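Open the structure in your viewer and keep the selection tool at hand. Each stop below says what to select and what is there.

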Amino acid sequence: MTLHADRQVRHRTTTVRGHEVYYREAGPADAPVLLLLHGFPSSSHMFRDLIPLLADSHRVIAPDHLGFGRSAAPADFRYTFDELAAVTGEFTEQLGLKEFALYIQDYGSPIGLRLALAHPERVTAIITQNGNAYEEGLGAQAWAPVLALIAERTPRTEAPVREISSPDGIRWQYLHGVPPEQQELVSPDAYEHDAALMARPGQPEIQLDLISDYGSNFALYPAFQEYFRTSQVPLLAVWGAGDEIFVPAGALAFRRDLPRAEVHLLPTGHFALETHAGQIAALIGDFLGRAATR
């Protein structure tokens with residue numbers, strides 16, 4: 001069986017602010033756009049199974065943030081969430097994306113929601129997969145070392161956070177919260193791919209800069225929540241219920257500001273696409289089809 005040409009993934013690059021940005025794209029050029037924004041420590045590689053499942057009805061675009069995946073990791077770039085969001089915004093403008101639905105996960109959440117604050121008229125819908133916007137979504141144990149780093153960046157507070165980017169730390173993020181009988185669905189290629197990229201020169205400094213800047217996202221939570229209330233943007237939460245980084249309370253909290261938000265807690269972990277790509281694709285297809293008529 002031959003995959004329809006529109007559903008085949010194309011691997012492309014463009015230049016933003018003089019830096020190469022890699023992205024995956026599939027789907028008809030004239031279809032509604034779905035912009036996929038990955039989290040830490042991954043890249044657009046995390047969407048490898050999802051993209052072909054949605055490309056029959058959407059133009060699906062998944063960039064690697066600067067410092068991640070196959071995008072450039074310039075030493076002179078200021079690695080903050082404001083800057084990553086600005087680059088992503090310029091990326092969408094270069095590609096001529098006038099409006100799009102957002103899929104946000106982990107780091108992709110504050111990046112994507114900054115895009116929504118800057119240009120709410122461009123965002124047609126939001127799918128959040130373990131992409132947090134509420135304090136109650138922060139898992140206490142997982143966030144303790146990060147909060148210590150945010151409060152004071154010293155060699156002592158950096159040490160435990162560096163472990164998050166280690167091969168063992170990355171593997172934990174992929175497997176923790178996944179039921180034992182489903183762990184064999186998680187490809188070792190996924191966490192080993194991330195670990196190899198995180199081992200490149202300069203990565204420890206890049207990741208520490210970003211993690212220590214995460215407090216800037218907390219400061220924007222009230223603005224994100226006000227955006228939800230005023231826009232009533234259609235929102236679908238597909239959340240790994242076993243995630244201890246962004247816990248299920250963060251998914252349920254969206255209903256406080258978006259009473260019509262659709263929330264699905266799935267029996268898996270932080271990287272829900274590893275085990276539930278088919279189910280998530282079906283939920284997204286149905287959701288976006290209905291959101292287009294609202």
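**Stop 1: helix H5**

Select helix H5 and the elements around it: the buried residues of H5 pack against H4 and H8. Bear in mind that this is a predicted model.

Now pick out the buried residues themselves. In H5 they are Thr-157, Glu-158 and Val-161. They sit on the same side of H5, because the arc they cover around the axis is only 100 degrees. Turn to the other side of H5. Pro-155 and Arg-156 are exposed there.

An α-helix has 3.6 residues a turn, so residues three or four places apart point the same way.

**Stop 2: Glu-158**

Stay in helix H5 and select Glu-158. Is Glu-158 buried or exposed? Its relative accessible area is 13%, under the 20% cut-off, so Glu-158 is buried.

Show its contacts next. Leaving out residues up to four places away in sequence, Glu-158 touches Leu-149, Arg-153 and Leu-208. Draw a distance from Glu-158 to Leu-208. The two are 50 residues apart along the chain, and their C-alpha atoms are separated by 7.4 Å.

**Stop 3: where H4 meets H5**

Two packed helices are described by the angle between their axes and the distance between the axes. The crossing of H4 past H5 is left-handed.

Which residues make the contact? From H4, select Pro-145, Val-146, Ala-148 and Leu-149. From H5, select Thr-157, Glu-158, Pro-160 and Val-161. Colour the contact of H4 with H5 by class: 6 residues are nonpolar, 1 is polar and 1 is charged.

**Stop 4: along and around H4**

Select the buried residues of H4: Trp-143, Val-146 and Leu-149. They lie on the same side of H4, because they cover an arc of only 110 degrees around the axis. Ala-140, Gln-141 and Ala-151 are exposed on the other side of H4.

What covers the buried residues of H4? The cover includes H5, helix H8 (203-212) and helix H9 (215-231).

**Stop 5: helix H8**

Move to H8. Select its buried residues: Gln-203, Ile-206, Gln-207, Leu-208, Leu-210 and Ile-211. Leu-208 is also one of the residues that Glu-158 touches. Bring back the neighbours. Helix H2 (81-94), H4, H5 and helix H7 (188-198) are among the elements that cover the buried residues of H8.

**Stop 6: Thr-88 in H2**

From helix H2, select Thr-88. With a relative accessible area of 7%, Thr-88 is buried. Its contacts are Leu-37, His-65, Ile-111 and Leu-115, not counting residues up to four places away in sequence. Then draw a distance to Val-21. Thr-88 and Val-21 are 67 residues apart in sequence and 9.3 Å apart in space, C-alpha to C-alpha.

**Stop 7: Ala-118 in H3**

Go to helix H3, residues 108-118, and select Ala-118. Ala-118 has 53% relative accessibility, so it counts as exposed.

**Stop 8**

Start in the loop between strand S3 (33-37) and helix H1 (50-54), where Pro-41 is found. Look at the backbone here. Phe-40 and Pro-41 are joined by a cis peptide bond, with omega about 0 degrees.

Next, select Arg-17, in the loop between strand S1 (10-16) and strand S2 (19-26). Arg-17 is not a glycine, yet its phi is positive, about 55 degrees. At 39% relative accessibility, Arg-17 counts as partly exposed.

Finish at Asn-130, in the loop between strand S6 (123-128) and H4. Here too phi is positive in a residue other than glycine: for Asn-130 it is near 55 degrees. Is Asn-130 buried or exposed? Its relative accessibility is 0%, so Asn-130 counts as buried.

Key:
Residues numbered from 1 in each chain as written. Predicted model: local features only at pLDDT ≥ 70, side-chain atom pairs only at ≥ 80, totals over all residues. Heavy atoms only, no water. Left-handed = near helix turned anticlockwise from the far one by under 90°. Helix = DSSP H or I, 4+ residues; strand = E, 2+ residues; numbered from the N terminus. Contact = heavy atoms within 4.5 Å. Nonpolar A, V, L, I, M, F, W, Y, C, P; charged D, E, K, R; others polar. Buried < 20%, exposed > 50% of the residue type's maximum accessible area, 1.4 Å probe, protein only. Arc of directions from axis to C-beta.
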